[in-house]
Amino acid sequence: MLLAVGVVASGAAPGQASAAAPVAEPTVVSAEYPDDGAWHPGAGMPGSFTFEANGEEAVVGFFYGTTDPAGTFVAADHPGGTATVSHTPQTSGPNDLYVASVDNAGNRSPQHVHHFYVQSTEPRVSGPRETGAGVPAEFRFSPGMADVVSYTYRIDNGPETTLAASAGVPTTANITSALGFHRLEVWSTTGTGLTSGTARTPYTASDAPLVASTDYPDFEGSGGPGVPGVFTLTPRSPGVVDYVYYFYWDWDNPTVVPAGTDGRASFTFTPTASGFYPIQVYSRTADGTQSNLGRDYSIVVN
């Protein structure tokens, strides 16, 4: 049992302070993470925290934790004494540790909140906000702390993959994702086995092809009547053999563009008048399966 000493004061539940026997808030001391408004070691780096009874001789232990109310119990080294715990902050920025004393009658003090600031150790992650679906996308990891020897990543709480860190340059991960929204989580490990905080990057995997044109950039006024534009189509899913595009006012007359061996294709469009020409482009595989998503593209003719 947590509190085997004494009798609970009348009207008070175990672990709760009674009106008849209030217990003073404990004090908290930490060399690594003091409550001083300054920034200290970093996410993933442990620190020791000492809880003191603040003169309460009947205190037999402390509840502590990162949530309110604190729920983990640690016994004092002697009645009215202290207890020291190791705590590793997992996130950078402001952190709180909640601590309450408990006496031999089961009375629990008001909580003391130990505020401290944690430096960032999370890796820096760069990569696309939208990837293809079922095709690799390149993400790059850079260290947020010294002596990083490896990176570990996972997608949507799936299996973990560890890569050796590249010396002096970002480490590249080629990640293939299914259609939909995803979250990439990345952390690093040092040569001494210290783990960093975790970087979290959301992204979307789409099978809608990419459309690009230097003659008529998307939604930018360019060219003019009679001025041709070349449009390049790039696949975002495997097995693409052709593309289908539609003008929004002419859905019944799609245009099919065959893809090359690399899955890419291009077509030329010459507007006859100024104005707005919205199109949507889908990719197709050899069995005629069309991509789930189409790419919207807006040609604006000066």
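Which side chain meets that of Arg295 in a salt bridge? The partner is Glu130, at 2.6 Å from N to O; a salt bridge here is a side-chain nitrogen of Lys or Arg within 4 Å of a carboxyl oxygen of Asp or Glu. Arg295 sits in strand 24 (residues 295-301) and Glu130 in strand 10, so this pair ties together parts that lie 165 residues apart in sequence. At 18% relative accessibility, Arg295 counts as buried (buried means under 20% relative accessible area, exposed over 50%, and partly exposed in between, with a 1.4 Å probe and protein chains only).

A word on the model itself. This is a predicted model, in which local features need pLDDT of at least 70, side-chain atom pairs count only at pLDDT 80 or more, and totals for chains, interfaces and linings use all residues. Residues are numbered from 1 along each chain as its sequence is written, and side-chain values use heavy atoms, with hydrogens and water left out. On pLDDT, the predictor's confidence in each residue from 0 to 100, the protein averages 92, and 93% of the residues score at least 70. Over residues 1-20, though, the pLDDT is below 50, and this stretch has 33 contacts in the model beyond near neighbours in sequence (contact means heavy atoms within 4.5 Å).

Back to the charged pairs. Eight salt bridges turn up in a search of the whole structure. Glu130 also forms one with Arg236, where the closest N and O atoms are 3.5 Å apart. Arg236 belongs to the loop between strand 19 (229-234) and strand 20 (240-247), while Glu130 is in strand 10 (residues 130-132), so the link spans 106 residues of sequence. Arg236 is buried, with a relative accessible area of 10%, whereas Glu130 is partly exposed at 30%.

Elsewhere, salt bridges link Arg154, Glu160, Arg183, Glu185 and Arg200 into a network. Within that group, Glu160 and Arg154 have their closest N and O atoms 3.7 Å apart, and Arg154 is partly exposed, with a relative accessible area of 24%.

As for the strands, these are DSSP runs (E, at least two residues; helices are H or I, at least four), numbered from the N terminus, and two strands pair if DSSP finds at least two bridges between them. Strand 3 (residues 47-52) pairs with strand 1 (residues 27-29) in the antiparallel sense over three bridges; here Thr27 has Glu52 of strand 3 as its bridge partner. Strand 3 also runs antiparallel to strand 6 (residues 82-87), joined by six bridges, with Phe51 partnered by Ala83 in strand 6.
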